Amino acid sequence: WFWNERFWLPHNVTWADLQSTEEAAFPQAEDLYLAFPLAFCIFMIRLLFEREFIAKPCALGLKVQANGPQKAQPNAILEKVFTAITKHPDEKRLEGLSKQLDWDVRSIQRWFRQRRNQEKPSTLRKFCESMWRFTFYLYIFTYGVRFLKKTPWLWNTRQCWNGYPYQPLMPDLHYYYIVELSFYWSLMFSQFIDVKRKDFGIMFTHHIVTVTLITFSYVTNLTRVGTLILCLHDAADIVLEAAKMANYCKCQKLSDLLFLTFAIVFIVSRLGIYPLWILNTTLFELYEALGNFPALWVFNVLLMVLQILHCFWSYLIIKAAYKAISKGKVAKDARSDVESSSDEEETVPRSQAPHSTIATNGTSGANGTNGYLTGGTCSEEH
(Lines give C-alpha, C1' and ligand atoms only; values in the text may rest on other atoms or scores of the structure.)
Protein backbone atom coordinates (compact mmCIF):
# COMPACT_ATOMS: atom_id res chain seq x y z
CA TRP A 1 0.00 0.00 0.00
CA PHE A 2 2.88 2.35 0.70
CA TRP A 3 4.18 2.17 -2.87
CA ASN A 4 0.74 2.59 -4.43
CA GLU A 5 1.35 3.82 -7.97
CA ARG A 6 -1.71 6.07 -7.92
CA PHE A 7 -0.08 8.09 -5.16
CA TRP A 8 3.51 8.26 -6.35
CA LEU A 9 3.22 8.40 -10.12
CA PRO A 10 1.22 10.22 -12.83
CA HIS A 11 -1.72 8.46 -14.44
CA ASN A 12 -0.95 5.44 -16.64
CA VAL A 13 2.59 5.13 -15.24
CA THR A 14 3.69 2.08 -13.23
CA TRP A 15 6.82 1.19 -11.32
CA ALA A 16 7.58 -1.42 -13.96
CA ASP A 17 7.89 1.40 -16.50
CA LEU A 18 10.66 2.96 -14.42
CA GLN A 19 12.80 -0.14 -13.92
CA SER A 20 16.38 0.35 -15.05
CA THR A 21 17.43 -1.43 -18.22
CA GLU A 22 20.63 -1.71 -20.24
CA GLU A 23 19.44 1.18 -22.39
CA ALA A 24 18.48 3.60 -19.59
CA ALA A 25 18.83 3.82 -15.81
CA PHE A 26 16.14 5.38 -13.63
CA PRO A 27 16.21 6.28 -9.92
CA GLN A 28 15.50 3.25 -7.73
CA ALA A 29 14.44 3.49 -4.09
CA GLU A 30 17.11 0.99 -3.03
CA ASP A 31 19.80 3.37 -4.33
CA LEU A 32 19.15 5.51 -1.26
CA TYR A 33 20.61 2.86 1.03
CA LEU A 34 24.01 3.98 -0.26
CA ALA A 35 23.55 7.20 1.67
CA PHE A 36 23.92 5.52 5.09
CA PRO A 37 27.44 4.06 4.75
CA LEU A 38 28.48 7.19 2.85
CA ALA A 39 27.09 9.39 5.65
CA PHE A 40 29.24 7.45 8.12
CA CYS A 41 32.28 7.94 5.86
CA ILE A 42 31.56 11.67 5.61
CA PHE A 43 31.32 11.88 9.39
CA MET A 44 34.67 10.10 9.82
CA ILE A 45 36.28 12.35 7.20
CA ARG A 46 34.89 15.30 9.11
CA LEU A 47 36.50 14.15 12.36
CA LEU A 48 39.88 13.78 10.68
CA PHE A 49 39.44 17.10 8.89
CA GLU A 50 38.46 19.03 12.02
CA ARG A 51 40.64 17.49 14.70
CA GLU A 52 43.78 16.21 13.03
CA PHE A 53 44.90 17.24 9.58
CA ILE A 54 43.38 20.48 8.31
CA ALA A 55 41.01 22.60 10.37
CA LYS A 56 42.78 22.48 13.73
CA PRO A 57 46.27 23.26 12.33
CA CYS A 58 44.76 26.12 10.31
CA ALA A 59 42.98 27.46 13.40
CA LEU A 60 46.14 27.34 15.50
CA GLY A 61 48.09 28.97 12.68
CA LEU A 62 45.55 31.80 12.61
CA LYS A 63 45.85 32.08 16.41
CA VAL A 64 42.22 31.16 17.07
CA GLN A 65 41.63 30.98 20.81
CA ALA A 66 41.96 27.34 21.91
CA ASN A 67 40.90 27.70 25.53
CA GLY A 68 37.29 27.55 26.61
CA PRO A 69 35.59 29.83 29.14
CA GLN A 70 36.97 30.15 32.69
CA LYS A 71 35.96 27.22 34.87
CA ALA A 72 33.99 27.69 38.07
CA GLN A 73 35.75 26.70 41.30
CA PRO A 74 34.73 23.22 42.52
CA ASN A 75 31.82 23.23 44.96
CA ALA A 76 29.89 20.02 45.64
CA ILE A 77 26.71 21.72 46.88
CA LEU A 78 26.41 24.16 43.99
CA GLU A 79 27.35 21.45 41.50
CA LYS A 80 24.53 19.24 42.79
CA VAL A 81 22.04 22.09 42.44
CA PHE A 82 23.34 22.86 38.95
CA THR A 83 23.18 19.29 37.63
CA ALA A 84 20.11 17.98 39.45
CA ILE A 85 17.82 20.96 40.03
CA THR A 86 18.40 24.11 37.97
CA LYS A 87 21.05 25.99 36.04
CA HIS A 88 19.24 29.28 36.67
CA PRO A 89 18.36 29.45 40.39
CA ASP A 90 15.68 31.93 41.41
CA GLU A 91 16.08 34.56 44.12
CA LYS A 92 14.67 32.36 46.87
CA ARG A 93 17.07 29.52 46.12
CA LEU A 94 20.00 31.93 45.85
CA GLU A 95 19.24 33.26 49.32
CA GLY A 96 19.05 29.71 50.73
CA LEU A 97 22.38 28.77 49.17
CA SER A 98 23.88 32.01 50.48
CA LYS A 99 23.00 31.09 54.06
CA GLN A 100 24.09 27.47 53.60
CA LEU A 101 27.50 28.33 52.16
CA ASP A 102 28.03 31.67 53.87
CA TRP A 103 28.55 33.25 50.44
CA ASP A 104 27.03 36.48 49.28
CA VAL A 105 24.34 36.17 46.60
CA ARG A 106 26.45 37.89 43.95
CA SER A 107 29.24 35.33 44.35
CA ILE A 108 26.75 32.48 43.89
CA GLN A 109 25.32 34.15 40.80
CA ARG A 110 28.85 34.51 39.43
CA TRP A 111 29.53 30.82 40.11
CA PHE A 112 26.40 29.73 38.21
CA ARG A 113 27.29 32.06 35.34
CA GLN A 114 30.81 30.61 35.11
CA ARG A 115 29.43 27.07 35.39
CA ARG A 116 26.99 27.68 32.53
CA ASN A 117 29.73 29.22 30.42
CA GLN A 118 31.95 26.26 31.21
CA GLU A 119 29.70 24.05 29.07
CA LYS A 120 30.21 26.21 26.01
CA PRO A 121 32.57 24.91 23.34
CA SER A 122 35.82 26.72 22.66
CA THR A 123 36.26 29.11 19.76
CA LEU A 124 38.72 26.61 18.29
CA ARG A 125 36.05 23.91 18.12
CA LYS A 126 33.54 26.25 16.51
CA PHE A 127 36.11 27.42 13.95
CA CYS A 128 36.87 23.82 12.99
CA GLU A 129 33.18 23.01 12.62
CA SER A 130 32.65 26.06 10.39
CA MET A 131 35.69 25.28 8.28
CA TRP A 132 34.39 21.77 7.61
CA ARG A 133 30.99 23.06 6.53
CA PHE A 134 32.59 25.79 4.42
CA THR A 135 34.78 23.25 2.64
CA PHE A 136 31.92 20.86 1.94
CA TYR A 137 29.49 23.57 0.77
CA LEU A 138 32.15 25.09 -1.49
CA TYR A 139 32.92 21.70 -3.02
CA ILE A 140 29.32 20.60 -3.55
CA PHE A 141 28.19 24.02 -4.82
CA THR A 142 31.05 24.09 -7.33
CA TYR A 143 30.18 20.57 -8.45
CA GLY A 144 26.50 21.51 -8.77
CA VAL A 145 27.23 24.61 -10.86
CA ARG A 146 29.56 22.68 -13.19
CA PHE A 147 26.91 20.01 -13.63
CA LEU A 148 23.92 22.31 -14.06
CA LYS A 149 25.49 24.71 -16.55
CA LYS A 150 25.51 21.81 -19.05
CA THR A 151 21.82 21.03 -18.53
CA PRO A 152 18.87 22.60 -20.38
CA TRP A 153 16.70 22.89 -17.26
CA LEU A 154 19.01 25.42 -15.63
CA TRP A 155 17.95 28.01 -18.21
CA ASN A 156 14.42 26.76 -18.88
CA THR A 157 12.62 25.19 -15.91
CA ARG A 158 9.97 23.68 -18.20
CA GLN A 159 12.68 21.27 -19.26
CA CYS A 160 12.41 19.75 -15.78
CA TRP A 161 9.15 18.14 -16.93
CA ASN A 162 10.00 17.38 -20.54
CA GLY A 163 9.53 13.61 -20.92
CA TYR A 164 8.75 13.12 -17.22
CA PRO A 165 8.84 10.56 -15.63
CA TYR A 166 10.87 8.79 -18.32
CA GLN A 167 14.01 10.85 -17.71
CA PRO A 168 17.16 8.71 -17.56
CA LEU A 169 19.33 9.08 -14.49
CA MET A 170 22.72 10.55 -15.40
CA PRO A 171 25.73 9.35 -13.35
CA ASP A 172 26.67 12.93 -12.38
CA LEU A 173 23.14 13.61 -11.13
CA HIS A 174 23.10 10.35 -9.18
CA TYR A 175 26.41 11.22 -7.50
CA TYR A 176 25.21 14.76 -6.70
CA TYR A 177 22.04 13.50 -5.07
CA ILE A 178 23.61 10.71 -3.02
CA VAL A 179 26.42 12.93 -1.69
CA GLU A 180 23.97 15.68 -0.68
CA LEU A 181 21.65 13.18 0.99
CA SER A 182 24.57 11.56 2.82
CA PHE A 183 25.77 14.92 4.08
CA TYR A 184 22.36 15.82 5.50
CA TRP A 185 22.03 12.41 7.10
CA SER A 186 25.40 13.02 8.76
CA LEU A 187 24.14 16.42 9.98
CA MET A 188 20.98 14.82 11.35
CA PHE A 189 23.02 12.63 13.67
CA SER A 190 25.98 14.91 14.36
CA GLN A 191 23.62 17.71 15.43
CA PHE A 192 23.33 15.94 18.79
CA ILE A 193 27.08 16.28 19.43
CA ASP A 194 27.71 19.56 17.59
CA VAL A 195 27.62 22.99 19.20
CA LYS A 196 24.16 23.24 20.77
CA ARG A 197 22.14 26.23 19.58
CA LYS A 198 18.95 27.86 20.70
CA ASP A 199 17.13 26.96 17.51
CA PHE A 200 17.99 23.26 17.76
CA GLY A 201 14.35 22.28 17.20
CA ILE A 202 13.96 24.49 14.13
CA MET A 203 17.20 23.26 12.57
CA PHE A 204 16.29 19.64 13.30
CA THR A 205 12.97 20.23 11.54
CA HIS A 206 14.89 21.79 8.65
CA HIS A 207 17.13 18.71 8.34
CA ILE A 208 14.13 16.36 8.42
CA VAL A 209 12.37 18.35 5.68
CA THR A 210 15.56 18.44 3.61
CA VAL A 211 16.20 14.69 3.88
CA THR A 212 12.54 13.98 3.13
CA LEU A 213 12.59 16.26 0.08
CA ILE A 214 15.76 14.72 -1.33
CA THR A 215 14.43 11.20 -0.78
CA PHE A 216 10.96 11.99 -2.09
CA SER A 217 12.21 13.75 -5.22
CA TYR A 218 14.65 10.94 -5.99
CA VAL A 219 12.07 8.16 -5.68
CA THR A 220 9.59 10.05 -7.89
CA ASN A 221 12.34 11.07 -10.36
CA LEU A 222 11.81 14.76 -9.67
CA THR A 223 15.57 15.03 -9.67
CA ARG A 224 15.96 17.79 -12.24
CA VAL A 225 14.18 20.38 -10.14
CA GLY A 226 15.83 18.82 -7.09
CA THR A 227 19.29 19.71 -8.38
CA LEU A 228 18.18 23.33 -8.82
CA ILE A 229 16.94 23.44 -5.22
CA LEU A 230 20.14 21.92 -3.83
CA CYS A 231 22.46 24.25 -5.72
CA LEU A 232 20.39 27.34 -4.87
CA HIS A 233 20.51 26.59 -1.14
CA ASP A 234 24.22 25.87 -1.00
CA ALA A 235 25.18 29.30 -2.35
CA ALA A 236 24.43 31.32 0.80
CA ASP A 237 25.85 28.71 3.16
CA ILE A 238 29.36 29.15 1.74
CA VAL A 239 29.43 32.86 2.58
CA LEU A 240 27.82 32.18 5.96
CA GLU A 241 30.53 29.79 7.10
CA ALA A 242 33.24 32.12 5.78
CA ALA A 243 31.76 34.94 7.87
CA LYS A 244 31.82 32.75 10.95
CA MET A 245 35.46 31.81 10.42
CA ALA A 246 36.43 35.45 9.99
CA ASN A 247 34.59 36.23 13.22
CA TYR A 248 36.43 33.51 15.16
CA CYS A 249 39.74 34.86 13.79
CA LYS A 250 38.74 38.32 15.07
CA CYS A 251 38.83 39.80 11.56
CA GLN A 252 35.86 42.02 12.36
CA LYS A 253 35.73 44.13 9.20
CA LEU A 254 35.98 41.05 6.98
CA SER A 255 33.39 39.28 9.10
CA ASP A 256 30.98 42.22 8.82
CA LEU A 257 31.47 42.43 5.06
CA LEU A 258 30.91 38.70 4.61
CA PHE A 259 27.84 38.78 6.81
CA LEU A 260 26.25 41.57 4.80
CA THR A 261 27.12 39.67 1.62
CA PHE A 262 25.52 36.57 3.10
CA ALA A 263 22.39 38.53 4.04
CA ILE A 264 22.00 39.80 0.47
CA VAL A 265 22.64 36.38 -1.09
CA PHE A 266 20.30 34.63 1.35
CA ILE A 267 17.39 37.04 0.90
CA VAL A 268 17.73 37.22 -2.89
CA SER A 269 18.01 33.44 -3.26
CA ARG A 270 15.45 32.32 -0.66
CA LEU A 271 12.82 35.09 -0.95
CA GLY A 272 13.37 35.97 -4.61
CA ILE A 273 14.74 33.20 -6.79
CA TYR A 274 13.29 30.29 -4.80
CA PRO A 275 9.60 31.30 -5.00
CA LEU A 276 9.80 32.88 -8.47
CA TRP A 277 11.89 30.13 -10.02
CA ILE A 278 11.41 26.92 -8.01
CA LEU A 279 7.90 27.24 -6.57
CA ASN A 280 6.62 28.67 -9.85
CA THR A 281 7.73 25.60 -11.78
CA THR A 282 6.59 23.03 -9.18
CA LEU A 283 3.20 24.68 -8.51
CA PHE A 284 2.26 25.74 -12.04
CA GLU A 285 4.51 24.40 -14.79
CA LEU A 286 4.53 20.88 -13.34
CA TYR A 287 0.73 20.88 -13.05
CA GLU A 288 0.38 22.13 -16.63
CA ALA A 289 2.72 19.43 -17.95
CA LEU A 290 1.52 16.42 -15.94
CA GLY A 291 -1.84 17.19 -14.38
CA ASN A 292 -2.61 16.26 -10.81
CA PHE A 293 -1.43 13.32 -8.68
CA PRO A 294 -1.06 13.09 -4.87
CA ALA A 295 2.72 12.94 -4.70
CA LEU A 296 2.86 16.28 -6.50
CA TRP A 297 1.01 17.99 -3.65
CA VAL A 298 3.09 16.34 -0.95
CA PHE A 299 6.20 17.57 -2.75
CA ASN A 300 4.86 21.11 -2.91
CA VAL A 301 3.81 21.08 0.75
CA LEU A 302 7.38 20.18 1.73
CA LEU A 303 8.71 22.99 -0.47
CA MET A 304 6.30 25.42 1.19
CA VAL A 305 7.46 24.35 4.66
CA LEU A 306 10.99 25.13 3.51
CA GLN A 307 9.83 28.55 2.36
CA ILE A 308 8.25 29.24 5.76
CA LEU A 309 11.65 28.58 7.36
CA HIS A 310 13.23 30.91 4.80
CA CYS A 311 10.82 33.67 5.78
CA PHE A 312 11.50 33.17 9.50
CA TRP A 313 15.27 33.33 9.06
CA SER A 314 15.03 36.25 6.62
CA TYR A 315 13.10 38.23 9.23
CA LEU A 316 15.93 37.70 11.71
CA ILE A 317 18.55 38.63 9.11
CA ILE A 318 16.73 41.83 8.10
CA LYS A 319 16.29 42.75 11.75
CA ALA A 320 20.02 42.33 12.38
CA ALA A 321 20.96 44.16 9.18
CA TYR A 322 18.76 47.10 10.18
CA LYS A 323 20.50 47.35 13.55
CA ALA A 324 23.88 46.98 11.86
CA ILE A 325 23.16 49.92 9.57
CA SER A 326 21.63 52.09 12.30
CA LYS A 327 24.44 51.43 14.80
CA GLY A 328 27.30 51.09 12.36
CA LYS A 329 28.14 47.55 13.37
CA VAL A 330 26.92 44.07 12.63
CA ALA A 331 24.59 42.65 15.25
CA LYS A 332 25.11 39.32 16.87
CA ASP A 333 23.37 36.28 15.50
CA ALA A 334 20.93 34.70 17.90
CA ARG A 335 20.33 31.82 15.51
CA SER A 336 23.29 29.77 15.15
CA ASP A 337 26.28 29.92 17.40
CA VAL A 338 24.51 30.99 20.56
CA GLU A 339 24.46 27.70 22.36
CA SER A 340 21.47 26.43 24.26
CA SER A 341 23.54 26.70 27.42
CA SER A 342 24.53 30.26 26.71
CA ASP A 343 24.44 32.77 29.49
CA GLU A 344 22.21 35.77 29.03
CA GLU A 345 23.78 37.64 31.92
CA GLU A 346 26.65 39.98 31.17
CA THR A 347 29.82 40.28 33.14
CA VAL A 348 30.26 43.93 32.16
CA PRO A 349 27.79 46.75 31.79
CA ARG A 350 26.19 46.95 28.35
CA SER A 351 27.83 50.29 27.67
CA GLN A 352 31.25 48.68 28.18
CA ALA A 353 30.58 45.53 26.18
CA PRO A 354 33.01 44.82 23.34
CA HIS A 355 32.11 45.17 19.71
CA SER A 356 29.39 42.63 18.96
CA THR A 357 29.97 39.93 16.42
CA ILE A 358 28.13 37.63 14.12
CA ALA A 359 28.26 33.91 13.86
CA THR A 360 25.74 31.77 12.12
CA ASN A 361 25.05 28.30 10.81
CA GLY A 362 23.08 27.50 7.67
CA THR A 363 22.13 24.64 5.63
CA SER A 364 20.45 24.19 3.21
CA GLY A 365 18.41 23.43 2.63
CA ALA A 366 19.60 23.56 2.10
CA ASN A 367 20.68 23.81 3.74
CA GLY A 368 21.89 24.54 5.12
CA THR A 369 22.02 25.77 5.80
CA ASN A 370 21.18 26.87 7.31
CA GLY A 371 20.63 30.50 9.51
CA TYR A 372 20.45 33.43 11.30
CA LEU A 373 20.05 36.44 13.40
CA THR A 374 18.70 39.00 15.70
CA GLY A 375 20.79 41.72 16.99
CA GLY A 376 21.82 43.98 19.67
CA THR A 377 25.11 45.22 20.94
CA CYS A 378 26.00 42.73 23.58
CA SER A 379 28.97 41.05 25.10
CA GLU A 380 30.88 38.33 23.32
CA GLU A 381 29.26 35.00 24.00
CA HIS A 382 30.58 32.82 21.18
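**Helices H2 and H8**

H2 and H8 stand roughly perpendicular to each other, a label that covers angles of 65 to 115 degrees, while under 35 degrees counts as roughly parallel, over 145 as roughly antiparallel and the rest as oblique. To view the pair, select residues 35-53 for H2 and residues 171-190 for H8; the helices pack at an angle of about 65 degrees, with axes 8 Å apart. Axes here are lines fitted to C-alpha atoms, for helices over the stretch in contact, and angles run from 0 to 180 degrees between N-to-C directions. The crossing of H2 and H8 is right-handed, meaning that the near helix is turned clockwise from the far one by less than a right angle, anticlockwise being left-handed.

Next, display the side chains at this contact (heavy atoms within 4.5 Å). H2 contributes Ala35, Phe36, Leu38, Ala39, Ile42, Phe43 and Arg46, and H8 contributes Ile178, Val179, Leu181, Ser182, Phe183, Trp185, Ser186 and Ser190. By class, the contact of H2 with H8 comprises eleven nonpolar, three polar and one charged residues. In this scheme Ala, Val, Leu, Ile, Met, Phe, Trp, Tyr, Cys and Pro are nonpolar, Asp, Glu, Lys and Arg are charged, and the others, Gly among them, are polar.

**The whole chain**

Zoom out before continuing. This is a predicted model, in which local features need pLDDT of at least 70 and side-chain atom pairs count only at pLDDT 80 or more, whereas totals for chains, interfaces and linings use all residues. Residues are numbered from 1 along each chain as its sequence is written, and side-chain values use heavy atoms, with hydrogens and water left out.

Colour by secondary structure: the chain has twelve helices and two strands, taken as DSSP runs numbered from the N terminus (helices H or I, at least four residues; strands E, at least two). From the N terminus, the order of elements is α-α-α-α-α-α-α-α-α-α-α-α-β-β. Of the 382 residues in the chain, 53% are buried; buried means under 20% relative accessible area, exposed over 50%, and partly exposed in between, with a 1.4 Å probe and protein chains only.

**Helices H4 and H5**

Select residues 76-84 (H4) and 91-101 (H5), whose axes come within 11 Å and cross at roughly 160 degrees. H4 is therefore roughly antiparallel to H5. Their crossing is right-handed. Ile77, Leu78 and Val81 of H4 meet Arg93, Leu97, Gln100 and Leu101 of H5. This contact of H4 with H5 has five nonpolar, one polar and one charged residues.

**Cysteines**

Select cysteine 58, which lies in helix H3 (residues 55-61). At 32% relative accessibility, cysteine 58 is partly exposed. Beyond residues up to four places away in sequence, cysteine 58 touches Phe127 and Met131.

Move to cysteine 249, which is buried at 18% relative accessibility. Its closest cysteine sulfur, in cysteine 251, is 5.4 Å away, too far for a bond. A search of the whole structure finds zero disulfides, a disulfide being a pair of cysteine sulfur atoms within 2.5 Å.

**Threonine 223**

Finally, select threonine 223, located in helix H10 (residues 223-248). Threonine 223 is buried, at 3% relative accessibility. Leaving aside neighbours within four places in sequence, threonine 223 contacts Pro27, Leu173, Tyr177, Ser217 and Tyr218.
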